Each structure stands twice: as structure tokens, then as C-alpha cells.
Amino acid sequence: MDSVKKKAKELLENQSVNLIIGYGEGSDQNARAIFISKADEVDQLIYDERCVQNLAFYLMKHEVKHLGKLGIVAPLPVMRTILQIASECQIKEDNIVVLGITPKGELIESAGFKDIENYIATCDLDLPANEKEIIAKLDAMTMEERWAFWTNELSRCIKCYACRAACPMCYCTRCQVECNNPQWITVEATPMGNLEWHFMRAMHLTGRCVNCGECGRACPLKIPINLLTYKTVMTVKSQFNIVAGTLANMDSVLSSYKTDDKENFIR
Amino acid sequence: MSQENIYKPYLMRIESIAEEAPFVKTFRLKFVNEEDANNFTFKTGQFGEYSVIGEGESTFCIASSPTKKGYIECTFRQAGKVTSALYRRDIGDIIGFRGPYGNIFPIDEWKGKNLLFIAGGIALPPMRSVIWNCLDLRENYKDVTIVYGAKSVADLVYKEELREWDHRPDVKLITTVDPGGETPDWKGKIGFVPTVLSQEVTTSDNTIAIVCGPPIMIKFTMPVLEKLGFKNEDIYTTLENRMKCGFGKCGRCNVGKVFICKDGPVFTLKQMKDMPDEY
Amino acid sequence: MNIENKILKQTSLEKLVVKLKEEGKQIFAPVKKNDVVEFAGISTLQEMAEDYIVTVQSAKAFAFPKVETLFDFQLTKENVNIVEKDLNAIPETILLGARPCDAAGFESLNAIFTWDNLNDNFFVERLKKMIIIAISCSKADGRCFCTSVNGNPGATKGSDILLTKIDNGNYLAEIITEKGKAIATKYADLFETAPEVDKNKFIADVPVKFDLKTILEKIPGAFENSLWVKQSLRCISCGACAYVCPTCACFDIQDIHNGHDGHRKRSWDSCGFGLFTIHTSGHNPREVQSQRWRQRVMHKFAYMPERQQVVGCVGCGRCSRGCPVDMNLKEHLINLAEEVAK
């Protein structure tokens, strides 16, 4: 982390950024997000296997955004998120300094998004083996078994929206569930309503999810919601050969049309 | 009282609908159940939760005076889901009403005093109840002055009532529209309410001021009243906030420790100055 | 009623569960499923989880469910028919294995739902039909702070019977209320005379972390303190803390229907959500998270103590455990106590 701390110190000293978002020590040996604005605070920055929260969420949080130009410590999922939200025109390249880091916590020298793209191109973006295994297990179930699995899991949901809140892609200022005219998704946590909410969210994330796993981690009841979006990631890859969060300027999968699109759904 | 469902609304039939201004309607409501009608009482200043059953509830004051028996009235502007559904109702339709909730204008304490009512735009409805209540007990009060303004002539609500108040010899009515809101035949004043107020009212002696209006109007009206010498405890207003239950349980409408639905909606300026600045 | 001490052997507790089930009572206890311990229906004591601090969600759902149908209705062209729920049909429920903090949480909820003698009878009836057989905590973790908010891992407040596991694996059973006495009397053969037992030997040690008196005195004046902004910077505005909390009672009311019949429902809501207080005009009195965070803390530690004479927190630590971004309430309160004491 020394290279990162050095860079962070520089940026704060010469006021290239007003605030750096990174990981620091939290409660009970957990890591948590920290916000440092003074050069002498950079020693608080850490990076280890506990640092899994997707910090990119804070780039879009109004109260953080308006503190000025932001720097952000960015392991791979965060780097991918940054490219994806840049691709969706939510952040500007010159408003943010990305302190990309390797899995070992070493700084990736970058002058901008192009360098981040190049780094990501060298990474294996496939789902890790354990996640693929779980999805394979689900895929192997019959339709009825899979339906039973999800209705059972999602009936536990209390609609706390921690999954939505933790996901950097869910940045809509008024989420679909917060529209009441018409009321698309029922407010209360009923089994069918919960299914509608989660399926709708997975559809809205299709082609955009960078597989950070934050939704599943955020759920206080440990419902494996991330499996829904992981599946969409796999499907988008196999159908469109596209992986989200790899370029700062990418067409949205579900709302772009190309003349060479496969049209094998039309017979 | 045990087993009573505090969330259950009365069923009300819409007896008449008046179109006050663009997107603003007044409903006169009668209880469907006669027993409810006989048992129901309220005091001026209180509000209720009106609903299109199936669409949701919305909070409005009771715009009619308690001196009128057999019905209640509400005035609202079409703005969101529930008010739009209400706006589409016809005479004879049934809607829900829960109430009365909240505190009251202490009109008994005002006996023997002059009353100065100041309202702007769609904020006349909360005042209409207390104005009529006082006019129906006219002998209790000395001078009654009403200053009411809106953005334009079309936006003035209760046009019939305004005519009635204008013709009463025991009421001084001053109506105004914002500059540019007048029509060629407009006979009232032209100017913002605070400006007209400072021109038309010259004393605070033995007077209670009751103010209701959009935040910007309140902001400029309070200094005028203070300059006239009104004490903070003699200036009354009625506040609003987002509500759901209306009786202090859903945790939504509080400003600091003050619950608008229980401790209000009627407040004096003195009480408001003690409230934190978060509304 | 004076608290009576009895001994409930492990085997007797097993029998008690079976007997109560035979009576037709519903019994809920903490059950471990896929690494998560939550209240679930049980028929035998064996199903109850052994090694847990607290359940992820509180027990409040048994008196204040996540969804409560307030009434059903039928709509025709000319008429609206409201069909009320029969509160007498609420079944008797036994909560076994709730913690002292869970039991204490009901007092705060009750203060809200019966405030000013206006009773929410859904809550009142459910609480009336509930019998709480709590189990003291023999261990705690870094998130617990019950002792800092007038609580205790062996406190009896709110429970009908409190069980404390003593060294030979059996339980000291403190019979606290009439409801508890009714069970102990009906199954007197299972409850044995208790010798002198020092309960404190078997209860977790939870050191006091902050001075509640200071907080209660000083926090009402802390409305404009800049600490709220700092503390809320990492909050992501979800509702997890409010939903898992035993004392949070904020709710929403919604109507749903299919054109001819429907229901009006009450469901959990959270003051932490961005749109909780938004007016239809678009104006939002609490538009930034620091205002919402302040509301959350002050509601619990300033407004409820003043208006309802209860502290709105039992120190169970669920909010901290459930929070995706480590908003550790205990830590925030310690900082707050230091800040307001300045």
C-alpha cells in the first residue's frame, strides 16, 4: 500500500483532489470505507482480503460528490464499476483520480481511464470457480426446483433495500419501486412482491453488473441475491460476448442495436 | 375502545363538488353511516386523512367549520397519486375519512380580540374553517380582517365565499393578486400579500394574527407582523409535513421532538421558533 | 408480582416445549438455517439453535409484523365495503429463546403504539397473546451494548419467564409475570424448587461503553452539531438498521387492489430512506443523509425519552451487525457522548 499512500499524500498535498475514498480499519477487525481529506491521514489507508466493499458507490452519493474532486482507491471490481458508470455518463474522467490497485495492493500507475482499461484487459474477468459451481447447481435444477428455491429464499426478504443501496449501479434518484403513479412494484414485503422486485432489479442490471457481489454481502439475511445478477453476467457474456466495466465508453447491452446482432430469437 | 381499529376510515359520500381553481376542488362529504354522523365532532384547526379506498390516503385540513352540522368539507389540489384519484371522483362516490386529528385554534382564548387572517393561494382552506367558526360566533370578536392573495385571479379559491365576506359589513376583506395576475375587471389590490399587508394593516393592538401560506409568503409576512408589534405568541399558523398515520405513530412528520400531527398542525410563532430548522 | 425462582432441567424444558405444542400453541425460537439464526416455528427443543448471540432480525415481527393487513375492502361501482380483521383470531404465540434485549424492545414499541392512550390494537392484541420465555446471554460480542442503555444480559424486563443456563446445563427459571406464572403452575411438575443461585456467574460480561445520562442530557442540544455529517458520510441509506432493530416502529400505509377487492396494509419503513419525508411538491425536509442520521439517533435518544419516557434503544447491536457499511451505533454513541460533553 506504500505506493498508494505516497500517491494519495501527493494528491492531497497539491490539492489535486479534495477527498480520497479508501478502506480503513473498522469495528471488530472489519474494514470499512474511510474518507480522508488531509495528507497526514493517508496512513489510515489499508488493503487486504477484508477490503471488499465496492467504494464506487460513494462517487455517486450526493453528500460525497459535492465535497469536490474525488480520488478513490480502486481494486478490480471498483475499477470496473468506475468504467461502467463512466460509460453511463455518471462521472467525468477529469473529476476523479482513480488509484487503481492490484490484488496485492500495489498502485497501478494511470493517467486516466485508458490506463485502467488496459489493466483490466489483462485480468481474468470470468466468475470465480466457486460462484460458477453454485450457478451450475441452480442451472441443473428443474424449473420447479429453481422456482421453489427462489420463492423460498425471496419470501424471507424484508425489502430493506440494502442490496439496492449498496449497488453502485442502482443510482436512480427515484427507483422504480419509489414510483407510485402507477405503483409498479408493491411496497410491502410479500412473497410475490419480493420476487417482482428482485427480478426487476436483475433485469435492470443486465449488461451492467460488474459482479462485485455487494448486493449479496449487504443483505442482512444473507439471501444470495448476487446469484441472480451473476447469472445475467454469464448470459450476457454468452449471448453478446460483452462484459460490463471493461471500457469507459461502451454501448448499453440491452438498449443498443447493431446491424450484425444475432437474431436467432426470430424464426 | 379495546379492539377498535384506529386505521379504519369512516365512509363518506360526496354530496357536492366545487371547482375552485385550476386543479383545485372542494368536496362536501356526508357520513354514509348515520350513527357516525351523529357521533362525530371536531374543532377548528383539525385535519383528517382522506382516501380513495384502493389508492391511498392524503392529509388535508377539515375546511368547513364545526358550527356546520351534518357534513364536512375538504379542499385539495390535484398533485400526486391520491389527490389525482380524488380529483376524478363524482358526486355520490364514496371515499374514506379518518379523523379528526391534531390540535385546534384556541378560538375561546381569542374572545374579545381583533382577528387578522392572512392567507395565500391554496393555503386559504386551512383558514376557512377557523374564519367561519369565528364568523359564526361573531359577537365574540371585535374587528375581523381578512387579507388573502393568490398568484392570479384564477388561483383565488372560495370565490363565492370571498364575495360573501366582501359584502359583510362586519368583515374587512382585502384581496390581492400578484403583479401580472390581475384581469382587466379586477377590483382588488395588486401586490404580494406581505406588501399589501403592510399597507393595509396599521396596528397589532389587541389583535391575534393567523397566517397560512406558502413558505415564501410566510418568510416575508412574519417581519411585517413583527414590525407592527405582534408578539410571537399572538401569531398563529398551521403547518404541514408528509404524514401517514396522522396520530404520532409512523414517525414521519416530526420536526425535532414536535409531531406536526399531534402537537400541531396549529402552532404559534413562539413555538415555531423553538423548533429546529428542518421543515 | 414478586419474581419466583425455579429450576427447569434441560429435559424438563424439552418436555415443556412438547406440552405447549400439544396445547396448540405456536412456538417460535431461534433456528439456524444456512449460517443465519432467525426465529422460526419449532415443535421440539432440539430444533432451537444453541450457539448464537442474537437472531439477525429482532422479535418485533411477532407484535409488529413486516406486513399487517389493516382491513380488507370490496369495491363496486356504487359502494365501498370495508371488512375488518378479527383480532380475536390472533393465535397465542410463545417466543422461546428471545434475549433480554428482545424482551426489553417491546416496551419501547408499546410506548409508541399506545402513546397518549391511542392504542394500535393490532400491536396490543399481538403483544397480549405473546408469552416470552427469554434466555439470558452467556456470551456477547463487540457489537452488544445493552448495559450502556439501562439493560443487562440477564435482565427480566419484558419477559414472562427468564431462563438462565447454570453450570450443570439446566436452567434457572425466573417466573416474572402472571402469564409466566400460569405456565409454571400448569406444568408445576416440570418446574422444581430452586436453590440459591447467583445468576450473575452465568451471564456475559458486557462493559458499559458510554454514559447514557450524558447523552440523554446533552443530545437534545446537539441538533446543529457537525458530527452528524461526519458520522453519516459512509451510510448508504438502506433500511437494514431500522428493519432489524427491536425498537424501530416507523411504518408506511399502502392500499392494493385488483379492481374489485383489496387491502390496506401497514408495512415497515425507515427514516433512513431518502424519500421518507418527501412532500408531493418535491420538497424534502431531510434531503441529506446527515439529517436522516441525526433523526434516527435523536428520535431514539432525545425525542422518545422526552415524549414517551423510554429510550428507543436496547443495545442489541443488530443495527451494527446488519449494516453493510459498518455504521457501528455503539461507536457513534461513544463519539457522540465525547462530543456533547465538550
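How many bridges join strand β1 of chain C to strand β10 of chain C, and in which sense do the two run? The answer is three bridges, with β1(C) and β10(C) running antiparallel. The model described here is predicted.

## Strand pairing in chain C

Strand β10 of chain C covers residues 191-193. A further partner of β1(C), which spans residues 4-8, is strand β9 of chain C, residues 171-175. The pairing of β1(C) with β9(C) is antiparallel and extends over five bridges.

Ile7(C) can be followed into both pairings. In β9(C), the residue opposite Ile7(C) is Leu172(C). In β10(C), the residue opposite Ile7(C) is Glu192(C).

## Domains of chain A

Chain A is assigned two stretches: domain 1 takes residues 2-121, and domain 2 takes residues 129-252. Taken over C-alpha atoms, the centres of domain 1 of chain A and domain 2 of chain A are separated by 26 Å.

Contact between the two involves 18 residues of domain 1 of chain A and 15 residues of domain 2 of chain A. On the domain 1 side, two or more residues come from each of α3 (76-87) and α4 (113-121) of chain A. Of the elements on that side, α3(A) gives the most, with eight residues. The class make-up of the side of domain 1 of chain A that touches domain 2 of chain A is 10 nonpolar, six polar and two charged residues.

## Helix packing around α8 of chain A

Helix α8 of chain A (residues 191-205) meets helix α6 of chain A (residues 143-155), their axes coming within 9 Å. The crossing angle is roughly 105 degrees, so α6(A) is roughly perpendicular to α8(A). From α6(A), the contact is made by Trp150(A), Thr151(A), Leu154(A) and Ser155(A). The residues that α8(A) brings to this contact are Pro191(A), Asn194(A), Leu195(A) and His198(A). By class, the contact of α6(A) with α8(A) has four nonpolar, four polar and no charged residues.

Helix α10 of chain A (residues 226-240) also approaches α8(A), with axes that come within 9 Å and cross at roughly 35 degrees. The crossing of α8(A) past α10(A) is right-handed. His198(A), Ala202(A) and Leu205(A) represent α8(A) in this contact, facing Leu228(A), Thr229(A) and Thr232(A) of α10(A). These residues comprise three nonpolar, three polar and no charged.

Towards chain A, chain C puts 33 residues into the contact, and chain A puts in 29 residues. At least two residues of the chain C side come from each of α7 (240-244), β11 (251-257), β12 (261-268), α8 (289-308) and α9 (318-322) of chain C. By class, this side of chain C holds 15 nonpolar, 11 polar and seven charged residues.

Towards chain B, 41 residues of chain C touch 32 residues of chain B. Two or more residues of the chain C side come from each of β4 (67-75), β5 (80-84), α2 (100-113), β11, β12 and α8 of chain C. The side of chain C that touches chain B divides into 22 nonpolar, 10 polar and nine charged residues. Elements β11, β12 and α8 of chain C are listed for the side that touches chain A and for the side that touches chain B.

Conventions. Residues numbered from 1 in each chain as written. Chains lettered and ligands numbered in written order. Predicted model: local features only at pLDDT ≥ 70, side-chain atom pairs only at ≥ 80, totals over all residues. Contact = placed C-beta atoms within 7 Å. Helix = DSSP H or I, 4+ residues; strand = E, 2+ residues; numbered from the N terminus. Nonpolar A, V, L, I, M, F, W, Y, C, P; charged D, E, K, R; others polar. Pairing = 2+ DSSP bridges. Axes fitted to C-alpha atoms, helices over the stretch in contact; angles between N-to-C directions. Parallel < 35°, antiparallel > 145°, perpendicular 65-115°, else oblique. Domains from an automatic or database assignment. Left-handed = near helix turned anticlockwise from the far one by under 90°.
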